Amino acid sequence: MTDAIRISSPADILGFIPHSLGFVPRESFVFLTMRGKTLGATLRVDAPASAEPAGFARSMSDYLALDTQATGVLLAIYTATTPAPGQVRPFHDHVEAVIETLEVAGTPLQDAWLVTPSHWQNLLCDSDAGCCPPEPLEAITDGQLNAELVFRGSSYQKKPGTTYAPFSGPADREEQIRHALPGVLGAELRPGRELWAEALTRGGWMDPQTAVELLACFQRPDLRDTLLCNVIDPKLPDAEDSGNLLVGEGIAPDWDRVDRAQDTARDLIDAAPEGYRAPLLTLIGWLAYLKGQSSVAADHFKLAMADTPGYRLAELMDQLVSRGTIAPVAKNQTTAYKRHR
């Protein structure tokens with residue numbers, strides 16, 4: 001979204017978060033950096049089940065420090081744990097450690113909220129004082145900012161996780177792909193690259209024959225890797241020496257092209273029977289990793305490994321994101337993903 005949006009209340013901020021992440025988080029800490037009066041980066045992590053508070057706070061501070069323009073931080077905690085009156089807030093020790101650590105780092109925690117399945121409320125004030133009563137979730141979903149974002153075409157999943165409908169296409173689709181494979185395996189990389197480049201310019205419906213040919217192309221590992229690289233650099237003839245590109249080092253993607261590639265891959269997944277979806281799921285996950293959307297990336301890598309057990313590229317990428325690695329391109333404010341829709 002390229003036009004500025006006006007945020008005037010905590011409910012607006014909480015309404016913005018699902019649009020930023022692409023889903024409504026559960027059992028999560030969501031940090032937002034502030035650059036003066038402007039929102040900066042969004043960071044979602046799993047709620048700390050067993051992490052030691054001080055170590056957790058240091059890790060969060062290190063991640064948030066990647067936004068070098070940040071002057072402060074906001075926090076929303078999503079949890080099904082609802083404290084009874086008089087009880088301490090959920091994750092009390094972790095929140096206290098975050099407050100202390102961010103203060104030392106020079107990016108103080110400016111405000112925080114608790115979001116449960118039934119309500120939301122301020123997390124920092126004394127609830128016993130009656131100054132921060134629970135608010136209904138409708139104040140978030142029915143708010144002006146959420147309505148404006150929906151009007152602009154933004155949407156999000158109601159819950160985390162990713163699912164794709166079972167294949168419902170022609171009964172002979174697998175046979176069609178197998179029939180196309182010999183021509184793909186015996187050909188140069190160029191025809192597959194040209195077919196993929198054409199698909200990325202269409203931005204819409206794909207005829208069944210083209211879908212079958214592309215599905216066959218993605219089954220060939222060296223061509224698959226080249227097609228991935230061509231999303232970022234269309235001129236690359238192959239994927240040789242492309243390690244830096246794959247981890248997101250030294251690149252400045254055309255994010256509109258990246259969005260089109262993910263949309264095209266989703267269309268191809270609909271056309272692919274089970275057992276042929278892993279390359280496309282890995283592609284979507286890899287592009288999500290480049291965008292800094294680690295949760296979305298991990299979901300897709302796991303789906304790829306379920307579709308094709310032992311699928312090596314998905315295994316390697318899953319190991320990368322599970323270590324908490326953030327793509328270098330996502331750390332750089334001049335190259336990081338900016339959502340346009």
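The legends below describe close-up views of a predicted model.

Residues are numbered from 1 along each chain as its sequence is written, and side-chain values use heavy atoms, with hydrogens and water left out. Because the model is predicted, local features need a pLDDT of at least 70 and side-chain atom pairs count only at pLDDT 80 or more, while totals for chains, interfaces and linings use all residues.

**View 1. Confidence along the protein chain.** The average pLDDT (the predictor's confidence in each residue, from 0 to 100) is 88 for the protein chain, and 89% of the residues score at least 70. Helix α5 (residues 144-151) has the lowest confidence, with a mean of 65, and α9 has the highest, at 98. Helices (H or I, at least four residues) and strands (E, at least two) are DSSP runs, numbered from the N terminus.

**View 2. The open sheet of six strands.** The strand order is β2-β1-β3-β4-β5-β6, and the pairing is mixed; two strands pair if DSSP finds at least two bridges between them. β2 (38-46) and β6 (135-136) are the edge strands, each with a single partner strand, so one side of each has no neighbour in the sheet. Leu32 has Thr42 of β2 as its bridge partner.

View 3. Strand β4 (residues 109-115) pairs with strand β5 (residues 119-122) in the antiparallel sense over three bridges. Trp113 stands opposite Asn122 of β5. β5 also runs antiparallel to β6, joined by two bridges, and Trp120 has Glu135 of β6 as its bridge partner.

**View 4. Helix α7 against helix α9.** The axes of α7 (residues 189-202) and α9 (residues 221-232) come within 10 Å and cross at roughly 40 degrees. This makes α7 oblique to α9; angles under 35 degrees count as roughly parallel, over 145 as roughly antiparallel, 65 to 115 as roughly perpendicular and the rest as oblique. Axes are lines fitted to C-alpha atoms, for helices over the stretch in contact, and angles run from 0 to 180 degrees between N-to-C directions. Leu189, Gly192, Arg193 and Trp196 of α7 meet Asp222, Leu223, Thr226, Leu227, Asn230 and Val231 of α9, where contact means heavy atoms within 4.5 Å. The contact has five nonpolar, three polar and two charged residues (Ala, Val, Leu, Ile, Met, Phe, Trp, Tyr, Cys and Pro count as nonpolar, Asp, Glu, Lys and Arg as charged, and the others, Gly among them, as polar).

**View 5. Helix α9 against helix α11.** α9 packs with α11 (residues 255-271) at an angle of about 145 degrees, and the axes are 8 Å apart. Asn230, Val231 and Ile232 of α9 make the contact with Arg257, Val258 and Ala261 of α11. By class, these residues are four nonpolar, one polar and one charged.

**View 6. Two loop residues with positive phi.** Phe91 is not a glycine, yet its phi is positive, at about 60 degrees. Phe91 lies in the loop between β3 (72-78) and α3 (92-105). Asp241, also a residue other than glycine, has a positive phi near 55 degrees. The loop between α9 and α10 (243-247) holds Asp241.
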